[in-house]
Amino acid sequence: MKRWRRKMNQINESIVLKNLQEENQRLKVLLHLAENLQTHLDLDKLLLTTMEEVAKILKADRCTVFLLDEDKNELWSIVAMGIEKGKEIRFPADRGIAGHVARTGEILNIPDAYKDSRFNPDIDKKTGYKTKNMLTMPLKNRDGITIGVYQILNKFDGPFTRADEELLSAISQITATTVENSLLYEEQVESLNSFVDTLSATLDTRDYITAGHSRRVTLYSVAICKQLKAMDCSCEEVRFAGLLHDIGKLGIPEDVLFKAGKLNQEEYQLIKKHPAVTRQILESIHFPRNLKNVPEIASTHHEKLNGQGYPDGLKNGEIPPGGRMLALADVFDALTSRRQYRDREPIEKVWETIEKEAGDTFDIQLMKVFLEVPLKQIIEILEYDQRDRLNEKELTLLAEIPLGTIIEIKRKDPESLDDQDKNINSLFDKYYQRNY
Ligand SMILES: [Fe+2]
């Protein structure tokens with residue numbers, strides 16, 4: 001009898017221990033998820049990683065997070081395990097178990113999906129999956145409004161338990177807050193982007209002589225920045241600074257800005273003020289932390305390494321890398337743009353002019369990096385206002401050929417060119433000279 005009791009006690013202790021271990025594991029996963037979901041990383045990736053952990057701890061097959069699209073009254077899968085990225089599941093928000101949960105805010109724990117009249121088998125039919133049991137939770141924001149649902153399918157060892165419900169409820173709360181924060185953040189980024197784009201386009205329209213200049217300078221600078229992987233510089237900051245670098249020209253009277261003849265000393269001094277005005281304007285805009293250097297980068301695009309630039313006569317390292325990229329892109333665009341009174345400078349002449357200023361005005365390392373930018377990309381920027389007319393297939397031939405190659409070809413004796421050089425040359429000329 002005693003031995004039997006001891007045996008029972010041992011069994012009970014091992015069950016308690018196993019339960020404690022499981023509970024401990026669940027708490028660990030919850031803490032880990034809470035920690036991860038609060039970092040501002042790629043939301044899709046984050047959700048997928050957490051779903052995999054949730055599925056593992058609840059011993060289930062797959063999870064999906066659906067969001068409510070209020071405009072269309074539909075639920076759509078922001079992330080779904082087992083479904084290829086980019087292929088979302090979308091269905092009317094009043095259909096199926098997920099629809100019921102989104103509508104009522106109830107938690108539904110269904111032991112056999114096909115026996116439940118609310119279950120919508122259409123998705124199984126589409127995906128070829130066989131749903132057995134399922135647990136579906138509403139995702140509620142801080143105001144208690146349902147913004148989507150968290151669904152977990154097919155627990156391997158029978159229906160979902162009360163403990164599973166509790167764990168998924170906690171996970172859903174954290175997920176809802178994270179998703180909502182992330183959507184709000186995306187919305188803010190989008191509105192800043194559209195504001196800056198519109199501002200930049202307005203500026204480019206006002207100055208008809210240099211139409212499209214800010215856009216092209218931005219594209220060249222970002223191309224340099226992306227090509228240059230080592231320097232401490234954010235391409236996003238360069239992009240914003242490029243779009244807004246000449247915003248200070250808004251402060252220059254039109255009769256000076258568009259004067260056809262030579263500027264007198266006084267007018268020239270006025271023009272030279274525009275980078276300082278750019279800085280003033282941009283410093284009054286509240287940029288998020290990751291864009292805090294935009295005013296400095298934008299306002300240094302006329303500085304020169306030798307200190308002869310304006311507005312502050314900064315030297316070498318005093319000019320931020322982004323400002324040096326803009327300086328190079330600004331001059332490259334000025335020389336390769338068509339004006340009313342002249343055509344584009346031949347590309348080899350353009351580079352010759354830049355080379356004369358190597359080390360004095362322009363950063364030699366950045367010049368080298370610029371020469372590595374593929375010709376296809378250069379043509380797409382040069383002809384940005386004609387981009388619908390570019391022949392993608394044809395330009396693919398220039399996708400691997402760097403800018404430096406065409407300058408070398410142009411400097412060679414035309415008689416000495418081999419067939420490949422001739423092809424590159426004529427294709428480049430076709431677009432550079434706009435014979436298309
Ligand atoms: Fe400028």
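In what order do the six strands of the open sheet run? Select them, and the order reads 3-2-1-6-5-4, with antiparallel pairing; strands pair if DSSP finds at least two bridges between them, and strands (E, at least two residues) and helices (H or I, at least four) are DSSP runs numbered from the N terminus. This is a predicted model, in which local features need pLDDT of at least 70 and side-chain atom pairs count only at pLDDT 80 or more, while totals for chains, interfaces and linings use all residues. Residues are numbered from 1 along each chain as its sequence is written, and side-chain values use heavy atoms, with hydrogens and water left out.

Then select strand 1 (residues 60-69) and strand 6 (residues 146-155), which pair in the antiparallel sense over seven bridges; here Leu-67 stands opposite Gly-148 in strand 6.

Now move to the iron ion, which is coordinated by Asp-246 (OD), His-274 (NE2), His-301 (NE2) and His-302 (NE2) at 2.2 to 2.3 Å. Donors are N, O and S atoms within 2.8 Å of the metal (3.2 Å for Na, K and Ca), and sites may look incomplete because water is not among the atoms. Of these residues, pick His-274 in helix 10 (residues 274-283) and His-302 in the loop between helix 11 (294-298) and helix 12 (321-336), a pair that links distant parts of the chain, 28 residues apart. His-274 is buried (under 20% relative accessible area, with exposed over 50% and partly exposed in between, for a 1.4 Å probe and protein chains only), at 2%, and His-302 is also buried, at 18%.
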